[in-house]
Amino acid sequence: MKSPQNFLRGSLVSLLLLLLTGVHIDGYKPVIIVHGLFDGPKQFKTLTQYITKVHRGTEVKVISLYNNMASLKPMWRQVQGFRRSIESIMQESPDGVHLLCFSQGGLLCRALLSTTPHHNVHTFISLSSPQAGQYGDPHHRSRYLQYNTFLAMINGDRPNKDMKAWRENFLRIKKLVLIGGPDDGVITPWQSSHFGFFDSNENILEMRNQEFYKNDTFGLKMLDARGDVSQCVHSGVKHVTWHSNFTVFQSCMEKWLT
């Protein structure tokens with residue numbers, strides 16, 4: 001039988017070896033999931049199973065708020081509600097959290113990140129979300145700038161007094177992961193999931209050619225310059241199946257959820 005001294009010595013040696021070899025002995029960061037339009041927590045059972053199977057012990061929180069028809073409520077109101085729910089999770093997770101948001105949820109999460117000082121979101125995964133808008137805007141640009149009080153504001157297309165603070169808040173994230181593909185069938189153009197969009201002639205302007213990128217109005221250019229923007233494209237995936245496709249999870253999400 002080992003003496004207490006030998007047991008302690010052996011434990012210290014084992015801990016030192018773990019540290020020297022770079023093996024993590026702490027757990028995975030919690031993953032917070034925000035659903036999209038007409039969705040709710042039940043649509044994310046499969047994705048939750050993928051996460052917990054690959055990264056055992058991960059705490060996955062699918063926010064049950066503004067579910068189904070309630071997802072039609074005003075966007076800023078939803079941002080406030082989701083913020084209250086997510087802030088309590090962040091406070092209980094001093095090492096940070098990951099934020100995985102689908103479709104409309106990706107826009108809500110980006111607004112939440114921009115308007116929440118001192119958040120501790122490590123990776124923000126935007127899963128098939130119309131980050132640059134949905135078809136219609138290129139032919140009504142002036143009306144969009146005059147009347148849109150959500151997307152135009154978080155993109156910095158419509159300046160406001162909080163833009164500098166919002167940019168600083170958004171840049172607190174360590175990684176932005178953008179996921180989408182040409183067979184989505186809902187996001188139009190599909191490149192909007194990667195911050196691309198139509199010009200007035202319906203030609204696609206990729207992310208780096210967008211004015212909000214070139215002017216770095218909300219921090220996207222800075223994130224890209226840091227090497228912290230990852231774009232993942234998958235063909236053959238319909239909009240409602242992104243969160244249940246294991247290949248998408250494995251190739252686009254798994255490595256960032258640690």
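**Close-up views: salt bridges and a cavity**

Aspartate 162 is partly exposed, with a relative accessible area of 29% (buried means under 20%, exposed over 50%, partly exposed in between, using a 1.4 Å probe and protein chains only). This is a predicted model, where local features need pLDDT of at least 70, side-chain atom pairs count only at pLDDT 80 or more, and totals for chains, interfaces and linings use all residues. Residues are numbered from 1 along each chain as its sequence is written, and side-chain values use heavy atoms, leaving out hydrogens and water.

**View 1. Aspartate 162 pairs with lysine 161 in a salt bridge.** The N to O distance is 3.4 Å, and a salt bridge here is a side-chain nitrogen of Lys or Arg within 4 Å of a carboxyl oxygen of Asp or Glu. Lysine 161 is exposed, at 76%.

**View 2. Aspartate 157 meets arginine 141 in a salt bridge.** Their N to O distance is 3.7 Å. Aspartate 157 sits in the loop between α6 and α7, and arginine 141 in helix α5 (residues 141-147), 16 residues apart; helices are DSSP runs (H or I, at least four residues), numbered from the N terminus. Aspartate 157 is buried at 18%, while arginine 141 is partly exposed at 42%.

**View 3. Here is the largest cavity, with a volume of about 40 Å³.** A cavity is a set of points on a 1 Å grid over the protein atoms alone where a 1.4 Å probe fits but cannot get out; lining residues have an atom within 4 Å of a point. Volume is the space filled by probe spheres set on the points, which are joined across faces, edges and corners. Helix α7 gives the largest share of the lining, three residues. Among the lining residues are Met163, Trp166 and Arg167.

Technical notes. 1 Å grid on protein atoms, 1.4 Å probe; cavity = no way out; pocket = protein on both sides within 12 Å on 5 of 7 lines; lining within 4 Å. Helix = DSSP H or I, 4+ residues; strand = E, 2+ residues; numbered from the N terminus.
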